[in-house]
Amino acid sequence: KFFIIGVTVLVVAVPEGLPLAVTISLAFSVKKMMKDNNLVRHLDACETMGNATAICSDKTGTLTTNRMTVVRIYIEGITHNAVPTATHISTTTLDLLIHSIAINTAYTSKILPAERGGALPRQVGNKTECALLGLVWGLGGDWGAARERTPEERLHKVYTFNSVRKAMATVVRLPDRSFRLYCKGAPEILLSKCCSVLGAGGERRSLRGGEREALVKEVVEPMAGDGLRTICVAFRDLPGRPEPDWENEDSVVSRMVCVCVVGIEDPVRPEVPAAIRSCQRAGITVRMVTGDNVVTARAIAGKCGILPPTGNFLCLEGKEFNRRIRNQRGEIEQERLDKVWPRLRVLARSSPTDKHTLVKGMIDSSVGERREVVAVTGDGTNDGPALKMADVGFAMGIAGTDVAKEASDIILTDDNFSSIVRAVLWGRNVYDNIGKFLQFQLTVNAVAVTVAFTGACVTQDSPLKAVQMLWVNLIMDTFASLALATEPPSPSLLLREPYGRNTALISATMKRNILGHALYQLLAIFTLLFAGEQMFDIDSGRNAPLHAPASRHYTIVFNTFVLM
């Protein structure tokens, strides 16, 4: 008999329902998060996201709509604040512009008719290239016909875009057997490789002295200052004989002629500023990591609320960021990085390596009272290391590559930043629900063990029988788990600071609650146990023989325990 009581006390004392409660809570949250456009690949990421202290987000498509259109263009020496008509541009320049864009873009990028009346045409492929193709349509050109005349298999050489060259170039052979190079990319890089620019009537005008710097200052920077993505389009004619050394890229992609500089607008998603304010109220710092121009990035960050108008915050380019964090030998020093990242809000013209460096530095940092819990968004193949390094990696479901999705913990099915805020809400809800269940179970366990042990010592028999305690345990571990683990989140969860990486699961408040409830229940049960027979004028259960049937006295004690 005492062996059975001992085993029962052991079973009740151990909160074996906790794994079930955790699993139910996580599984329930994962299912609900699907409706909030979060596809959770790793269960633990759900709870981890609730304690995130920093989010490093991409700009294009996440903070912005990724529906790009050309709204400003500098061509033939004139800046137009809207796409001009074809009559305002010479035939020579227009023909060069159409072919530069049509041929020097991925042939998978295209604009298709709207699926229904009144809707906008569908952009398929790279959104920046779709904006340029839209410019060709707006000027009355036919990029499809240009591609038919020069099919993809007839392209002589292609220098694909990457994060180092910040440009894309394509070489085609002309009917006279000479070559023509079409190039597009970051204006500050391409203009340094241009020796002339197309002026009025399509005539070439040499760039002398400080004219390149003047173009950047007077054309590129005002566009970027208004939050526009800037792209420069250029070309170069090359001789057919002797054929250039195509492997010598620096020699080939140089001495070009600038055709135009365009400003592409990618509007901020209307729900993003409110989502970022929610993050800031929740104690989460949002940082923008983008490949865009620093002026454009700063303007968009200001519109989103990432970069407040006041405050000593940093907005750096990738080169400057690396200069500040590396020593003379080119090695990254954590001490240097710790001086930069707390104030950093925007990292522009950054490479995937810069993103990985920033994330690793934040996670390894010992600055501040608590370690950072970092979430990162990424869509490219090169973002894989940063997504793996982060505590929670978010991949883009629409624009993301398969490699990025495989490296991630959660996939955003709508590529929207506001979905990350919903993930934070559900993560905090999971954490709180597990805490509620733990508080409930530990209170019941403490009371049951104390009553069984004390009763066995004083009366030689436990007031709570083995079957009764196992029944309570069974009900508590199933129905209580379901009830507490599936509570929906409250918006008030986003009004508190994150708990932090090293915070104890059983907080001081929970300890007080467990102790208070346990004392209240023990007081009531011991009162009934030792004075119940007088209160209810019934026979005492304490003096019953060893194998006597259940007494009314102990039945009242058990029912009181269950109801409390």
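A salt bridge is a side-chain nitrogen of Lys or Arg within 4 Å of a carboxyl oxygen of Asp or Glu. Keep that in mind for the first stop. The model is predicted, so local features need pLDDT of at least 70 and side-chain atom pairs count only at pLDDT 80 or more, while totals for chains, interfaces and linings use all residues. Residues are numbered from 1 along each chain as its sequence is written, and side-chain values use heavy atoms, with hydrogens and water left out.

**Stop 1: a charged pair**

Side chains of opposite charge can pair when their charged atoms come close. The whole structure holds 23 salt bridges. Select Glu188 and Arg349. Their closest N and O atoms are 2.8 Å apart. The pair links distant parts of the chain, 161 residues apart: Glu188 sits in helix α7 (residues 187-190), and Arg349 in the loop between β16 (344-348) and α14. Helices (H or I, at least four residues) and strands (E, at least two) are DSSP runs, numbered from the N terminus.

**Stop 2: the domains**

Colour the chain by domain; the bounds come from an automatic or database domain assignment. Domain 1 is 1-23 + 426-496 + 503-563, domain 2 is 44-64 + 269-415, and domain 3 is 69-265. Now look at domains 1 and 2. Their centres, taken over C-alpha atoms, are 46 Å apart. Contact (heavy atoms within 4.5 Å) takes 7 residues from domain 1 and 8 residues from domain 2. Together they bury about 680 Å², 59% of it on carbon and sulfur atoms. Buried area is the accessible area (1.4 Å probe) that two parts lose on being put together, summed over both. How many salt bridges cross the interface of domain 1 and domain 2? The rule finds 0.

**Stop 3: the largest pocket**

A pocket, on a 1 Å grid over the protein atoms alone, is an open set of points with protein on both sides within 12 Å along at least five of seven lines; a cavity is a set where a 1.4 Å probe fits but cannot get out; lining residues have an atom within 4 Å of a point. Grid points are joined across faces, edges and corners, and a volume is the space filled by probe spheres set on the points.

Select Asn126, Thr128, Phe161, Arg229 and Asp379. Of the 43 lining residues, these lie nearest the centre of the largest pocket. The pocket holds about 1,400 Å³ of space. Domain 2 and domain 3 each give at least three residues to its lining. By class, the lining has 9 nonpolar, 22 polar and 12 charged residues. Here Ala, Val, Leu, Ile, Met, Phe, Trp, Tyr, Cys and Pro count as nonpolar, Asp, Glu, Lys and Arg as charged, and the others, Gly among them, as polar.

**Stop 4: the cavity**

The search finds 1 cavity of 30 Å³ or more. Select its lining, including Tyr159, Arg165, Cys183 and Glu249. Strand β8 (residues 167-173) gives the most, with 3 residues.

**Stop 5: two backbone details**

Most residues other than glycine have a negative phi, and most peptide bonds are trans. Select Glu76, in the loop between β3 (69-75) and β4 (78-80). Its phi is positive, about 55°. Finish at Arg241 and Pro242, joined by a cis peptide bond with omega about -10°.
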